[in-house]
Each structure stands twice: as structure tokens, then as C-alpha cells.
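Let's walk through this structure together, starting with the overall picture and ending at one helix. Please have the model open as you read.

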Amino acid sequence: MREALEQLLLPAECLVCRALFSFPTSRRVVCDICRHRWRPVQPPWCRRCGQPEPHFGPCRLCADWPAALQAARSAVWLDASARAAVHALKYGGLPRIAEDLAEAMVRLEVPGREAACLVPIPLGRARERHRGYNQSERLARALGRRWGRPVVPLLIRTRETKTQTALTPAARLANVAGAFQLRIGDCGLRIHGEHVESAIRNPKSAIVLVDDVFTTGATLAEAARALERAGADTVLAVTFGRAVVPDFT
Ligand SMILES: [Zn+2]
Ligand SMILES: [Zn+2]
């Protein structure tokens, strides 16, 4: 019944190219052709942050990351079509598009995934109330179903942060500094050396942060820092899109 209702309410055309869906694919929001146009992020890359390697010298993007954040991977480059899909997820009131985005993230390889729990990057409370949902949590749940891994909203955002789009890398770091805290009580982590009663039951399991877009990694690094302070030693991160880092030099 609910599905039939959704069919009526949802657009019968691809969100990106406006092509009409044939009936069997109508559960999708983005058509197969557009999804196949999304350009996967592929090696050679920095093994830690997944960014294409600089031609000279070590990677600078992940040099200041907390030690716990061991790897970050993104599914596709954020060009026009992928950007439109993220925009629909965030601002278009179309949380169901998370299924399409998660489908592209399924093949992301992060070590320890088999035993990991997924932790969405939280929104500030006002922003989540305004939007009606947290897009990263929708992504995490769609991916968690595909990976067969639990989603644990471990983090809360302690203050609203400005939209990062127009900020330089240094300003991005300052913008998110101290923005995350642990939601005590649902986690399998040590706080000041003491075990916290756990919903995960396995404090050794890796934590996979889930977000929609990776730009400089500042948000993911800050979230990993909050988890590290609580005793987590293996944090990984996955995002749907990866923006080409703007050149601020
Ligand atoms: Zn399309
Ligand atoms: Zn790197």
C-alpha cells in the first residue's frame, strides 16, 4: 500500500536526465544510464585518504588527520550528475535517493568492513529538524542494509557549522573544530579507560563513518577525532562523492 502510494507521489522520470522510467525500474530515482555515467574514484591514490597522489612528495591532505582515521574512500567523482543526486538528497526532500547513492558505494573496500558498524556524520539539531532527516544517516542505513552491518548514530553535532563550500582548507578545519561529541550510552568504546555499556558489544570492531561528500576530509577528521578521544582505534570513512579540491594557492 505504502509502496503504491510512493509510486504515485514520486517522479516517474530520472531526477538527473528527466528520461521516463519504464515500470520495472520505477523504484529508482536516478536511471541506469545516469548512474553508469558516474565516474568511479580509482587508484592510483594515497592509500590513506584515497586522493589521487601528488606528483611530488607525500600526501598533504591527510597529513594532519588523527591516527585513528586509517582510510577514507569515495565512490564517485562529484561532477554534474553526481552533484545533482547529492543535491536532491540534501535539499530536494528526496531521501529515497540514498538507495541509488548507496548502490554506488557497495563496492568500496575498507579494511575490517565485515565486523564494522556504520556511524553517520550528524547534522546540527536545527538543520536536521528543518530538513526532516539527516542525509548521511539515510545513506548509512541504505549502505548498512547492503553490507549487512549495523548503523549506530554514535555522534552528535554540538554546534552548527557554516556550509563548507566557500571555505579554504584551513578555514574548514577551524569551522569544524570541536563540532562533534559522543552520544554516551550507545557505544562500545572506552571513556577514560572505562568500558561504556555497549550496544555494539564489540569494542574492537572498526567504525566506518558515512557522509555524502568528501572535499578536504576536515569533517571526517574531526568526527574521527571525537571517536579517538573516546578510545576508538580504528576509524574508516566512506562517502558517495568526492569533490575535486579547489586550488586555494
Ligand atoms: Zn538519467
Ligand atoms: Zn592522503
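This is a predicted model: local features need pLDDT of at least 70, side-chain atom pairs count only at pLDDT 80 or more; totals for chains, interfaces and linings use all residues.

The protein contains eight helices and eight strands, and of its 249 residues, 42% are buried. Among contacts with a separation of 6 or more, 68% join residues 24 or more positions apart.

Now turn to the interior. In soluble globular proteins, nonpolar side chains tend to be buried together. Here the largest nonpolar core has 69 residues, and those with the most contacts inside it include Ala-85, Leu-101, Val-119 and the run Ile-207, Val-208, Leu-209 and Val-210. At least two residues of this core come from each of β1, α3, α4, β2, α6, β7, α8 and β8. The biggest contribution is that of α8, with seven residues. Domain 1 (1-37) and domain 2 (39-242) each provide at least three residues of this core. For a local view, pick Val-210: its contacts beyond four places in sequence include Leu-118, Val-119, Pro-120, Leu-139, Leu-143 and Val-238.

That brings us to α8 itself, residues 218-229. At 1.5 Å a residue, its twelve residues should span 16 Å, and the end C-alpha atoms are 17 Å apart, which agrees. Because ten of those twelve residues are buried, α8 is largely enclosed by the rest of the structure. After the helix comes Gly-231, with a positive phi near 110 degrees.

Conventions
Residues are numbered from 1 along each chain as its sequence is written. Chains are lettered from A and ligands numbered from 1 in the order in which they are written. Helices (H or I, at least four residues) and strands (E, at least two) are DSSP runs, numbered from the N terminus. The expected span of a helix is 1.5 Å times one less than its number of residues. A residue is buried if 20 or more other C-beta atoms lie within 10 Å of its own, exposed if 12 or fewer, and partly exposed in between; C-beta atoms are placed from the backbone. Two residues are in contact if their C-beta atoms, placed from the backbone, lie within 7 Å. A nonpolar core is a set of buried Ala, Val, Leu, Ile, Met, Phe, Trp, Tyr and Cys residues joined through C-beta atoms within 7 Å. Domain bounds come from an automatic or database domain assignment.
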